[in-house]
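Keep the viewer open and follow along.

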Amino acid sequence: MRVSSGFIPTVKETPADAVIPSHQLMIRAGMVRALAAGVYAYLPLCYRSFKKAMEIIRQEMDAIGAQELHLPALSPIELWEETGRVKAFGDILFHLKNRPLVLAPTHEEVICWLAKNHISSYKEMPQIWYQIQTKFRNEPRPRSGVLRGRQFIMKDSYSLDSTWNGLDKSYDLHAQAYKKIFARCGLNFFIVGASSGAMGGTGSQEFMMESNAGEDIIAVSADNSNAANVEVATSRVPAAPRDSESKALKEVRTPNIKTIDQLAEFLTVDHNRLAKSVVYWADETPVLVLMLGNDELNEAKLMTAMGTEVRPIEAEKLLALTGADGGSIGPVGLRERTPASAKFKIVADNRLRGANNLISGANKNDFHIMNIDLERDCTIDSYYDLRTINPGEESPNDTGPLRVVKGVELGHIFKLGTKYADALHAKFLDENGKEQPIIMGSYGIGVERIIACHIEQNHDENGIIWDKSLAPFMFHLVAVGTKSKTVIEASEQLYAAMQAAGLEVLFDDRTDVSPGFKFKDADLLGMPFQVIVGEKNLAQGKIEIKVRKTGERSFVEKESLILHLKSLIED
Ligand code: ATP
Ligand code: MG
């Protein structure tokens, strides 16, 4: 491709609405243009990279025996009503005005419809079907460029199995394929075990990349071997101590003490003697949650523990129920003070299990109780892991301190089980002639995310630094000094020879821009190797090669250039 006649609308200025590097660079490098919020046109350079990512995905999916098909984006709304997902997706789902159709945000329903009509026996499974296809989601805040589009390309695959063991196998095949795909794309990723309770599945993992552009918060060990969403992450932290003797309860006056730090200072005790109370509603039930010291309650964990929505109790409601303000609430005597109808639940974080000689609120403003033994002095309904981990705490698999980072989800693998088959009555006859629901898995990868994440991980102040696996072109041939006939002739010859040799080359043959301008563009577009044809070097029979990633320059005999370039690709 020639720069002079190609469609590569580069721009100098960073667009104001683009805040993350990949978004800025994709616009500056003439890769994408926004047609509407979250809706992008993919221009030729961009689409070349997309095709490379898609080819890697195809190869690895084919290698696990997956079969490619292509499903429609338009989908009858009835199907989505039957699975309850019109409601579940809510405003994310795009509806059509003049037909009872939706624009599919994913394809479990359609796959299930196919399976229901065409799979009738255990003998016809396992099956893995995949497609690389456009998805539509009315994302509320599409502001990260193609990382979160309202229309995007997904590789989605679905496994159909007759046994749960079969599902495990299909899932593992995907996990292996995903590792290969992201490694081949040169992405530095980690795998997060996700809690999939809400979606009704039996297991799921997310493939994530660390990035400030991410919207998920992940705790990850130094070697990436342990990663978990902070909503479920745990760490190795010591439990509160238990003394051999539980001392007698004692009420103390603690005037104007508002925080745990003030309390620890006022009573000159260690934080691990303090049981902090926070009060929530779980549906209509008030729940006192005890946390150790300054540990922060994780609402997501509380929600999982309660099995329902939770929200902090209103200050005035708490006062009305207990006669005390938030800072003075505690487990001792709480149920006795509050109306029986309130049915107060008391739960505590695992770190407090079995602790004694603790200090907590007295359910009376400006008073605390000392020497509480949680087993002797009150009834804790249940202990759960409820705390938010802190950076620097030891990883649960003992691989050093955890970091808390932002992450972008590249892919997701999910054991769906029979949720969709149950809803849509997709059944088969098992070995004993008994009807069973088909067991499904679903697996997604975002094509745009591969490219945008790659750019997030590989760029500098001058532009993109493509990995060979995803680069739109492997070589950027730059003719320097375009007033010189020798340079023009030599670079034209080289361009033809490179193409004849099957090398992917972008040729900056422009005669109306300065060499400096061309070099800037070459760095911005970021092809792995720049092949520079200049008059001075030519006079010595040499061509200059610059490695974009390292800036390293070398000079190669013109005669052996093609062989040399081939060896660069193979490295
Ligand atoms: P997120 O939490 O980031 O919204 P998701 O959980 O909704 O992701 P899935 O439904 O699992 O994502 O979709 C599978 C894959 O499709 C994701 O792993 C991601 O790579 C990609 N993807 C999802 N939503 C978008 C989007 N709006 N724009 C681009 N890619 C997306
Ligand atoms: Mg989403």
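Let's start with a helix pair in this predicted model. Helix α2 (residues 44–63) packs on helix α12 (residues 447–457) at an angle of about 115°, and their axes are 9 Å apart. The crossing of α2 and α12 is right-handed. On the α2 side the contact uses Ser49, Phe50, Ala53, Met54 and Ile57, while α12 brings Val447, Glu448, Ile450 and Ile451. Sorted by class, the contact of α2 with α12 has 7 nonpolar, 1 polar and 1 charged residues.

Now zoom out to the whole chain. It has 16 helices and 31 strands, and its C-alpha trace spans about 95 × 65 × 45 Å along the principal axes. Of its 571 residues, 53% count as buried. If you take contacts between residues at least 6 apart in sequence, 68% of them join residues at least 24 apart.

Next, the strand β24 (residues 439–446). How many of its 8 residues are buried? The count is 8 of 8, so to speak a mostly covered strand by the accessibility criterion of under 20% relative area. In a regular strand the side chains alternate between the two faces of the sheet. In β24, Ile439, Gly441, Tyr443 and Ile445 point one way, Met440, Ser442, Gly444 and Gly446 point the other way, and all are buried. β24 has pairing partners too: strand β8 (residues 151–161) runs antiparallel to β24 and is joined to it by 8 bridges, with Ser159 having Gly441 as its bridge partner. Strand β21 (residues 402–417) is also antiparallel to β24, here through 6 bridges, and Gly411 stands opposite Ile445.

β4 and strand β6 (residues 101–103) run antiparallel and are joined by 3 bridges, with Val102 of β6 as the bridge partner of Ser75.

Here are the strand pairs side by side.

| Strand pair | Sense | Bridges |
|---|---|---|
| β8 and β24 | antiparallel | 8 bridges |
| β21 and β24 | antiparallel | 6 bridges |
| β4 and β6 | antiparallel | 3 bridges |

Which of its residues are buried? They are Leu318, Leu321 and Thr322. Seen down the axis of α9, these fall within an arc of 75°, so they line one face of the helix. The face turned away from that buried side carries the exposed residues Glu316 and Ala320. The buried residues of α9 pack against β14 (275–282), β15 (285–292) and α10 (334–337). After α9 comes Gly323, whose phi is positive, near 80°.

Finally, some backbone details. The peptide bond from Met125 to Pro126 is cis, with omega near 5°, and Pro126 sits in the loop between α5 (108–118) and β7 (127–136). Two asparagines carry a positive phi without being glycine: Asn256 at about 60° and Asn371 near 65°. Is each buried or exposed? Asn256, in the loop between β13 (250–253) and α7 (260–266), is exposed, with a relative accessible area of 60%. Asn371, in strand β19 (residues 367–372), counts as buried at 10% relative accessibility.

Note on methods. Residues numbered from 1 in each chain as written. Chains lettered and ligands numbered in written order. Predicted model: local features only at pLDDT ≥ 70, side-chain atom pairs only at ≥ 80, totals over all residues. Heavy atoms only, no water. Buried < 20%, exposed > 50% of the residue type's maximum accessible area, 1.4 Å probe, protein only. Helix = DSSP H or I, 4+ residues; strand = E, 2+ residues; numbered from the N terminus. Arc of directions from axis to C-beta. Contact = heavy atoms within 4.5 Å. Axes fitted to C-alpha atoms, helices over the stretch in contact; angles between N-to-C directions. Left-handed = near helix turned anticlockwise from the far one by under 90°. Nonpolar A, V, L, I, M, F, W, Y, C, P; charged D, E, K, R; others polar. Pairing = 2+ DSSP bridges.
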